[in-house]
Amino acid sequence: MTNNIVEIHSHILPGIDDGAKDVETSLKMIERLKNQGCDTIVLTPHYYSDSISLDDFLTRRDIAFQKLAEALPEGSPRLIPAAEVYISKYLFTNENLSRLCIGSSNYVLIEHPFSSTFSEASYDRLMNLYCEYKIRPILAHIERYRALMEDESRLDAFIEMGCLAQVNISSFADSPRSVRKKLFKYLESGRIHLVGSDCHNIDSRPPSFEEGFAEIRKKSGEEAIKILQSNARLLVK
Ligand SMILES: [Fe+2]
């Protein structure tokens, strides 16, 4: 078992997105994380900035959080409300984005469209996020984007700008061989900063770190896990 896991990407808040459908499911997901050695969970419900206002999203998140907090057994992992923010031009109509950040950090988990080519326009948009809001993006599940997986110089440009790269832990165990090969190359060259489960439920997309960590341990060694975990710990300090 890996101790002191920090989950930084989860859809555990009940009834707010395509994640946990009710409090009972949320509690099962939390318990499963706790049993794997997780002591801190960042809650990252989808915030589709092109289809709901920030105020409405935050109100819905507060209600879901309250519901969950009331049902949470003693000794549960610490919960930190944040978001997985779908990037769009509408995000920039808001004055203050600080409640989307992870804890007291200035990092926000950012999701791109599946088809994103991480073009110059995407680069400029993320750069604006820093210039206008002092927010640093965490690129969610980089393994989903061909543009980043097939062109490491493109990923490097975003990292040099100040972005962090997150990978879903299960991808180290169950993605196609060519993707896994690239992920380990990226991990060993320091291009992957964070892992999370991106759990949505308890069966098809469960909160499960063990298989992914086992693969990393086998191929890259325990030290690689330690670095990932200490990066995550810094975010939630
Ligand atoms: Fe997600």
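User: Which residues in H1 meet which residues in H2?
Analyst: Val23, Ser26 and Leu27 in H1 meet Lys67, Leu68 and Ala71 in H2. Contact means C-beta atoms, placed from the backbone, within 7 Å. The residues of this contact divide into four nonpolar, one polar and one charged. Ala, Val, Leu, Ile, Met, Phe, Trp, Tyr, Cys and Pro count as nonpolar, Asp, Glu, Lys and Arg as charged, and the others, Gly among them, as polar.

User: What kind of model is this, and how is it numbered?
Analyst: This is a predicted model: local features need pLDDT of at least 70, side-chain atom pairs count only at pLDDT 80 or more, and totals for chains, interfaces and linings use all residues. Residues are numbered from 1 along each chain as its sequence is written.

User: Back to the pair. At what angle do H1 and H2 pack?
Analyst: About 65 degrees, with the axes of H1 (residues 23-35) and H2 (residues 54-71) 10 Å apart. Axes are lines fitted to C-alpha atoms, for helices over the stretch in contact, and angles run from 0 to 180 degrees between N-to-C directions. Helices are DSSP runs (H or I, at least four residues), as are strands (E, at least two), numbered from the N terminus.

User: Which residues of H2 are buried?
Analyst: Leu54, Phe57, Arg61, Ala64 and Leu68. Buried means 20 or more other C-beta atoms within 10 Å of the residue's own, exposed means 12 or fewer, and partly exposed is in between; C-beta atoms are placed from the backbone.

User: Why do they line one face of H2?
Analyst: Seen down the axis of H2, its buried residues fall within an arc of 100 degrees, so they line one face. The arc is that of the directions from the helix axis to the C-beta atoms.

User: What do those buried residues pack against?
Analyst: H1, strand E3 (46-48) and strand E4 (78-81). The face of H2 turned away from the buried side carries exposed residues, including Asp55, Thr59 and Glu70.

User: And H1, which residues are buried there?
Analyst: Ser26, Met29, Ile30 and Leu33. They pack against strand E1 (5-7), strand E2 (38-43) and H2. On the other side of H1, Glu24 and Asn35 are exposed.

User: New topic. Where does Lys134 lie?
Analyst: Lys134 is in the loop between helix H3 (120-133) and strand E7 (136-139).

User: Buried or exposed?
Analyst: Lys134 counts as exposed, because it has 11 C-beta neighbours inside 10 Å.

Definitions and conventions: Two residues are in contact if their C-beta atoms, placed from the backbone, lie within 7 Å.
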